[in-house]
Amino acid sequence: WQLAAIYCAFGFSYIIYSTFFVKHLVKEGAFTAAAAGSLWMKIGIVSLASGFIWGGVSDRFGRRLTLGCIFTLQGISFTLFGISHNLTVIYCSSILFALTAWSIPALMAALAGDAFGPRLAPAALGLMTVIFGIGQAMGPYLAGALADATQSFSLAFVIAGVVALALGAGGS
């Protein structure tokens, strides 16, 4: 259940950033749609290596420490994105997310294998993924409601950052 809760925190937080990144940059960051989309594409390209990078780190230093580091970096990324429209801060947030984006799913699968062995790992990962999906469904709903109420996604990004730091890094 602890692993499922950590994975839920990832689902909740990353999906807010992923879903509303371009919209936020266009509406509040003075980006054109093309420039925001181009930055998101660059994040996507860089992020392809994140699982391999952090998988190697976790093999060397342990899964818990690595998960804590990843969630901390993502929490900083999401929070920075929510509190500043400064170009340097936006790029810093983008780099932090790109370098960590898809590492958590890879580590959760490895953790399931470590904790439950080869026979029960698929069932454990299945349960963890269902709970992850609940977080992934709740994130955009909450972010959209907050944006409707405040006319900004900034608070939603800060909440995503707090969830990644408190529940993700803290739970790790």
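Mentor: Start with one cut-off: buried means under 20% relative accessible area. This model is predicted.

Trainee: What makes helix H1 largely enclosed by the rest of the structure?
Mentor: Count its buried residues. Of the 27 residues of H1, 20 are buried, so the helix is largely enclosed.

Trainee: How do you know that the span of H1 agrees with its number of residues?
Mentor: The expected span is 1.5 Å times one less than the number of residues. For the 27 residues of H1 that should give 39 Å, and the end C-alpha atoms are 36 Å apart, which agrees.

Trainee: Where is the kink in H1 centred?
Mentor: On Phe20, with a kink of about 55 degrees. Just after H1 comes Ala30, which takes a positive phi of about 60 degrees.

Trainee: Now the aromatic rings. How many aromatic pairs are there?
Mentor: The count is 19 aromatic pairs.

Trainee: Why is the pair of Phe10 and Phe132 called stacked?
Mentor: Ring centres must lie within 6.5 Å, and planes under 30 degrees apart count as stacked. The centres of Phe10 and Phe132 are 6.0 Å apart and their planes are at 20 degrees, so the pair is stacked.

Trainee: What makes this pair a tie between separate parts of the chain?
Mentor: Phe10 lies in helix H1 (residues 2-28) and Phe132 in helix H6 (residues 103-150), so the pair ties together parts that are 122 residues apart in sequence.

Trainee: Why do Phe10 and Phe132 count as buried?
Mentor: The limit is under 20%. Phe10 has 1% relative accessibility, so it counts as buried. Phe132 has 11%, so it counts as buried too.

Trainee: Why is the pair of Phe78 and Phe97 called tilted?
Mentor: Planes under 30 degrees apart are stacked, those over 60 are edge-to-face, and the rest are tilted. The planes of Phe78 and Phe97 are at 50 degrees, with the ring centres 5.9 Å apart, so the pair is tilted. Phe78 sits in helix H4 (residues 63-83) and Phe97 in helix H5 (residues 87-100), 19 residues apart. Both Phe78 and Phe97 are buried.

Trainee: Which residues form one aromatic cluster?
Mentor: Among them are Phe10, Phe78, Phe97 and Phe132, along with Trp40 and Trp102.

Trainee: Now the charges. How many salt bridges does the structure hold?
Mentor: Two.

Trainee: What makes Arg63 and Asp59 a salt bridge?
Mentor: The side-chain nitrogen must be within 4 Å of a carboxyl oxygen. The closest N and O atoms of Arg63 and Asp59 are 2.9 Å apart, so the pair qualifies.

Trainee: Are these two residues buried or exposed?
Mentor: Arg63 is buried, with a relative accessible area of 17%. Asp59 has 60% relative accessibility, and over 50% means exposed, so Asp59 counts as exposed.

Trainee: How far apart are the closest N and O atoms of Arg63 and Asp114?
Mentor: They are 2.8 Å apart, and the two form a salt bridge. Arg63 lies in helix H4 and Asp114 in helix H6, so the pair ties together parts that are 51 residues apart in sequence. Shared partners join Asp59, Arg63 and Asp114 into one network.

Trainee: Why is Cys69 called partly exposed?
Mentor: Its relative accessible area is 33%. Cys8 has 17%, so it is buried.

How values were computed: Residues are numbered from 1 along each chain as its sequence is written. This is a predicted model: local features need pLDDT of at least 70, side-chain atom pairs count only at pLDDT 80 or more; totals for chains, interfaces and linings use all residues. Side-chain values use heavy atoms; hydrogens and water are left out. Helices (H or I, at least four residues) and strands (E, at least two) are DSSP runs, numbered from the N terminus. Buried means under 20% relative accessible area, exposed over 50%, partly exposed in between (1.4 Å probe, protein chains only). The bend at a residue is the angle between axes fitted to the seven residues ending there and the seven starting there.
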